[in-house]
Amino acid sequence: MNFEAIKSIYLAEMARTRRTIMQSIISPVISTVLYFVVFGAAIGSRITEVDGVSYGAFIVPGLIMLSLMTQSLSNASFGIYFPKFTGTIFEVLSAPVSFLEITIAYVGAAATKSVLVGLIILITANFFVPLEIQHPFWMAAFFMLTAVTFALLGFIIGIWADNFEKLQFVPLLIVTPLAFLGGSFYSINMLPEFWQTVTLVNPVVYLISGFRWSFYGQADVSLWLSLLATLIFLGGSLAVIHRIFKTGYRLKP
Amino acid sequence: MAPILSVRDLEKTYEGGFQALKSVSLDIREGEVFALLGPNGAGKTTLISTICGLVRPTSGSIEVGGHDALKNFRAARRLIGLVPQEMPTAPFEMVADTVSFSRGLFGLKRDPALVESILKDLSLWDKRDNAIMALSGGMKRRLLVAKALAHEPRILFLDEPTAGVDVELRHDMWRIVGELKERGVTIILTTHYIEEAEEMADRVGVINGGEIILVEDKAELMRKLGRKLLTLSLSEPLAAVPQALARYDLMLANDGASLVYTYDTHAERTGITSLLTDLSAAGVRFQDLQTDQSSLEDIFVDLVKGG
């Protein structure tokens with residue numbers, strides 16, 4: 001294992017975060033906090049409790065998940081796309097670094113950043129709404145798994161994309177709608193029966209449900225189903241990446 | 001002595017069906033400067049990229065310092081530094097950081113003293129804390145050399161090191177190559193400036209259409225394929241080459257003011273003596289004469305056209 005190389009890539013990526021702290025950390029935190037203010041404090045006071053939790057508190061896990069997913073995705077996709085775009089990727093590809101090491105470094109850095117954003121949001125949320133975390137271990141597990149899984153997904157998108165439009169396409173047109181419709185702002189029990197069934201094909205439902213359960217002990221679907229769905233997602237992403245590296249897709253002609 | 005780099009029957013066909021390399025075999029000797037010449041699209045960059053692990057070979061084998069470049073890619077790649085043709089740089093990174101980064105990729109611990117000496121050798125030390133985008137084109141190119149040297153490779157690939165750079169920078173690059181050679185670094189450079197190969201190389205390989213069509217010591221190549229031109233400045237211009245001299249390879253130049261005779265320096269007889277005799281017999285008088293050795297460029301053009 002070339003740990004020194006993993007460290008170099010990881011630190012270079014984190015240095016990039018520091019250089020762009022406004023857009024990589026501060027702006028996602030601010031936009032999420034605006035959700036608390038609008039939906040939690042302003043509108044939320046007029047909405048009845050959901051599953052025995054005040055609406056402001058109810059949306060916190062969903063919002064954290066939302067930013068965790070979108071941030072992991074965009075960090076990782078941009079992290080690998082940019083060197084591909086500028087051409088500096090040649091250096092990594094011609095160094096004695098295996099694909100596994102490349103993935104660990106880029107995905108690790110992307111996940112670290114989004115975890116950082118998620119934590120800041122969690123801490124900030126604490127000032128606006130009453131929070132409780134009933135199952136901290138599970139909370140941490142879902143937190144990490146989601147960050148890593150979506151960073152892997154972002155990594156795939158970054159390798160696949162050959163222009164900026166494609167880079168934005170999946171996060172904006174697929175993941176964001178799925179996240180919004182996946183129960184970030186509502187419990188799926190609030191939907192008409194037909195849509196409750198339809199919504200179960202949305203993988204994000206399982207992630208948010210499990211994560212919310214770790215806070216309030218309330219879930220739309222069972223915990224194990226949530227965990228299973230997350231792991232399937234993770235496994236699927238790893239399989240695709242394995243395939244990419246096996247065939248040299250978009251990286252090594 | 002075993003070659004430091006050995007390529008055997010290397011073939012590369014890209015996905016679209018384009019065959020960029022056709023059974024390329026090549027041995028590089030340790031410590032030499034090898035110039036790979038070829039027109040655009042001949043396969044120079046594909047060959048280098050395949051050796052360095054950027055392109056996956058369709059078939060064939062590559063050994064670097066005795067290590068198989070595919071099976072034992074870590075050991076093989078540690079020996080290699082690559083300066084690419086394009087100038088890809090991360091615009092916002094700092095000069096010294098990016099050199100340390102390159103070193104780290106090769107699994108080596110940070111070594112600020114080494115980075116300092118590399119940057120000083122390449123006259124970049126003053127710029128160590130600048131963002132890369134603030135560098136001039138020439139500095140960027142030197143920075144890429146610095147990055148490629150950060151892990152102290154034994155083989156350095158320079159892909160078109162002087163494409164599109166000014167004369168001063170080109171001489172600068174030649175100096176750098178000279179210094180590296182003195183330190184025992186094996187250098188493989190691609191170029192389509194013949195001048196460059198002539199100036200720096202110990203051996204020359206010519207690649208065209210994905211095939212190595214020739215590998216030769218530079219001096220030997222120039223000797224072997226060397227033609228000379230004998231130019232006679234005539235006292236009186238001629239309208240045409242006189243019939244009596246038709247058997248010679250003669251051409252009129254300068255509106256008939258000069259007569260140019262092309263001959264092979266290695267032929268048994270150059271034909272100069274008889275030409276001069278026949279000239280005076282035909283009443284052609286000249287004021288001056290001069291001979292020119294054909295350059296590597298002429299040789300190259302002949303090869304590529306003839307091949």
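In what order do the 4 strands of the open antiparallel sheet that contains β11 of chain B lie? The order is β12-β13-β11-β14. This report describes that sheet and its surroundings in a predicted model.

## Overall form of chain B

Chain B contains 10 helices and 14 strands. The chain is divided into domain 1, residues 5-223, and domain 2, residues 227-306. Between the C-alpha centres of domain 1 of chain B and domain 2 of chain B the distance is 41 Å.

The C-alpha trace of chain B spans about 80 × 45 × 40 Å along its principal axes. Its radius of gyration is 24 Å, whereas a compact globule of 307 residues would have a value near 19 Å.

## The sheet β12-β13-β11-β14

In this open sheet of chain B the pairing is antiparallel. Its edges are formed by β12 (250-253) and β14 (286-293) of chain B, each of which pairs on one side only. From one strand to the next, the twist averages 25 degrees.

Strand β11 of chain B, residues 227-234, is joined to β14(B) by 7 bridges in the antiparallel sense. Within β14(B), the residue opposite K228(B) is Q293(B).

## The sheet β2-β1-β4-β5

A further open sheet of chain B consists of 4 strands in the order β2-β1-β4-β5, with antiparallel pairing. Here the edge strands are β2 and β5 (67-68) of chain B, each pairing on one side only. Helix α1 of chain B, residues 44-52, packs on the sheet and touches β1, β2 and β4 of chain B. The direction of this helix makes about 65 degrees with that of β2(B).

Strand β1 (residues 5-13) of chain B runs antiparallel to strand β2 (residues 19-28) of chain B, and 6 bridges join the two. L5(B) has I28(B) in β2(B) as its bridge partner. The two strands form a hairpin with 5 residues between them, and G17(B) in the turn has a positive phi of about 105 degrees. Strand β1(B) also pairs with strand β4 (residues 59-64) of chain B, in the antiparallel sense and over 5 bridges. In that pairing V7(B) stands opposite I62(B) of β4(B). In a regular strand, side chains alternate between the two faces of the sheet.

## Contact between chains A and B

Contacts between the two chains involve 27 residues of chain B and 21 residues of chain A. On the side of chain B that touches chain A, helices α2 (73-78) and α3 (95-105) of chain B each supply at least two residues. By class, the residues on this side of chain B comprise 14 nonpolar, 5 polar and 8 charged.

## Helix packing in chain A

Within chain A, helix α2 (residues 21-43) packs against helix α5 (residues 99-128) at an angle of about 35 degrees. The axes of these helices are 9 Å apart, and the crossing of α2(A) and α5(A) is right-handed.

On the α2(A) side, the residues in this contact include S24(A), I25(A), V29(A), T32(A), V33(A) and F36(A). The α5(A) side includes K113(A), L116(A), V117(A), I120(A), I121(A) and F128(A). The contact of α2(A) with α5(A) has 12 nonpolar, 4 polar and 1 charged residues.

Definitions and conventions:
Residues numbered from 1 in each chain as written. Chains lettered and ligands numbered in written order. Predicted model: local features only at pLDDT ≥ 70, side-chain atom pairs only at ≥ 80, totals over all residues. Domains from an automatic or database assignment. Contact = placed C-beta atoms within 7 Å. Nonpolar A, V, L, I, M, F, W, Y, C, P; charged D, E, K, R; others polar. Axes fitted to C-alpha atoms, helices over the stretch in contact; angles between N-to-C directions. Left-handed = near helix turned anticlockwise from the far one by under 90°. Pairing = 2+ DSSP bridges. Rg over C-alpha atoms; globule rule 2.2 N^0.38 Å.
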